Amino acid sequence: ESSRLAGQFALVTGASSGIGAAVAKTLAAQGAAVVVNYIGNPDAADAVVQEIAAAGGTALAIMADVSKEDQVQAMFKQAVAHFGTLHIVVANAGIQVDSGFVDMTLAQWQKVIDVNLTGQFLCLREGAREFIRRGPQPEVSKALGKLLCMSSVHEVIPWAGHVNYATSKGGIMQLMKSAAQELAPQKIRVNAIGPGAIKTPINHDAWATPEAEAKLLTLIPYNRVGVPEDIGQLAAWLVSDEADYITGQTIFMDGGMTLYPGFATGG
Ligand code: NAD
């Protein structure tokens, strides 16, 4: 694998499964040492760390609930104590708590906003603070640091039955763009990835049976459900110097899901 992230330290939230695990493994394969953040299951996080180590990389698992300020700050403190600094933060952790609009409780709304939106804010802020504290290392990275949000096609596509989730992703867009505008003079790049349908535990029911997958594919012009490795490759490129002039952008990686496939026949 390439070593375009050699000498860099990365933190990926929600990295014990799905997209986060693939992003952590890809960053490590390209030379970064990686913090594998997780909540709940240490065995799954350890498995990701072991897989990275077996491939010749370096990783450290750290437990933290990204929606809790004290836990996020403790995680960044531990990461910097262990590695010395960070150059890359991928705010990936996210959840769905689905409910029809009129039945959605405040607790269901608040939980998703807390994890998906406030959690990304806290991790971006702690990342930016660390980049500024450390100062430039142009031999390692052109940018002072790179912040990457895991958004969704639901940043722009409304989603009935998931108003808390879609709102959190729409919010991530302005979190990302406003932070990008504010931090660009300090040479901190902030971007987002907007995945379409990717095979992970979060949407297992949508692709687990042939019938479900066929229905899902009607929304995907490219006619393939994505895999976490698709997103891992894009993430590694976006935080590399090859993408040094990109900031404030959401890159959709969705097989065309945002192309209004319902209009493909001309209507
Ligand atoms: P996933 O369920 O495998 O991953 C989510 C991860 O976040 C899990 O590891 C979970 O333990 C972790 N997490 C949940 N709450 C947390 C908290 N409070 N603190 C720390 N970690 C927490 O599903 P995924 O598909 O890999 O999701 C990753 C991201 O990608 C999410 O932000 C999701 O919204 C986004 N996304 C996924 C898809 C898809 O099709 N799979 C599409 C668009 C966007």
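Select strand 7, residues 250-253, and display its side chains, which alternate along the strand. A residue is buried here if 20 or more other C-beta atoms lie within 10 Å of its own, exposed if 12 or fewer, and partly exposed in between, with C-beta atoms placed from the backbone. Strands (E, at least two residues) and helices (H or I, at least four) are DSSP runs, numbered from the N terminus.

The model is predicted: local features need pLDDT of at least 70, side-chain atom pairs count only at pLDDT 80 or more, and totals for chains, interfaces and linings use all residues. Residues are numbered from 1 along each chain as its sequence is written.

Two strands pair if DSSP finds at least two bridges between them. Isoleucine 193 has isoleucine 251 of strand 7 as its bridge partner.

Seven strands form an open sheet in the order 3-2-1-4-5-6-7, with parallel pairing. Strand 3 (59-63) and strand 7 stand at the edges, each with a single partner strand, so one side of each has no neighbour in the sheet. From one strand to the next, the twist averages 20°. Such angles run from 0 to 180 degrees between N-to-C directions, and the axes are lines fitted to C-alpha atoms, for helices over the stretch in contact.

Within this sheet, select strand 4 (residues 88-91) and strand 5 (residues 145-150), which run parallel and are joined by four bridges. The bridge partner of isoleucine 88 in strand 5 is lysine 146. Then show helix 1, which packs on the sheet and touches strand 1 (9-12), strand 2 (33-38), strand 3, strand 4, strand 5 and strand 6. The direction of helix 1 makes about 170° with that of strand 1. Two residues are in contact if their C-beta atoms, placed from the backbone, lie within 7 Å.

Turn to the ligand. Which of the 27 residues around the ligand come nearest? They are Gly14, Gly18, Gly94, Thr200 and Ile202. Helix 1 (18-29) and helix 4 (106-134) are the elements that give two or more residues to the shell, and helix 1 gives the most, with three. By class, the shell has twelve nonpolar, 14 polar and one charged residues. Here Ala, Val, Leu, Ile, Met, Phe, Trp, Tyr, Cys and Pro count as nonpolar, Asp, Glu, Lys and Arg as charged, and the others, Gly among them, as polar.

Asparagine 223, in the loop between helix 7 (210-217) and helix 8 (228-238), has a positive phi of about 65° although it is not a glycine. Asparagine 223 is exposed, with 9 other C-beta atoms within 10 Å. Tyrosine 260, in the segment after strand 7, has a positive phi near 50°. Tyrosine 260 is also exposed, with 10 other C-beta atoms within 10 Å.

Finally, zoom out to the protein chain, which has eight helices and seven strands. Its C-alpha trace spans about 55 × 40 × 40 Å along the principal axes. Of its 267 residues, 45% count as buried.

Key:
Near = placed C-beta within 6 Å.
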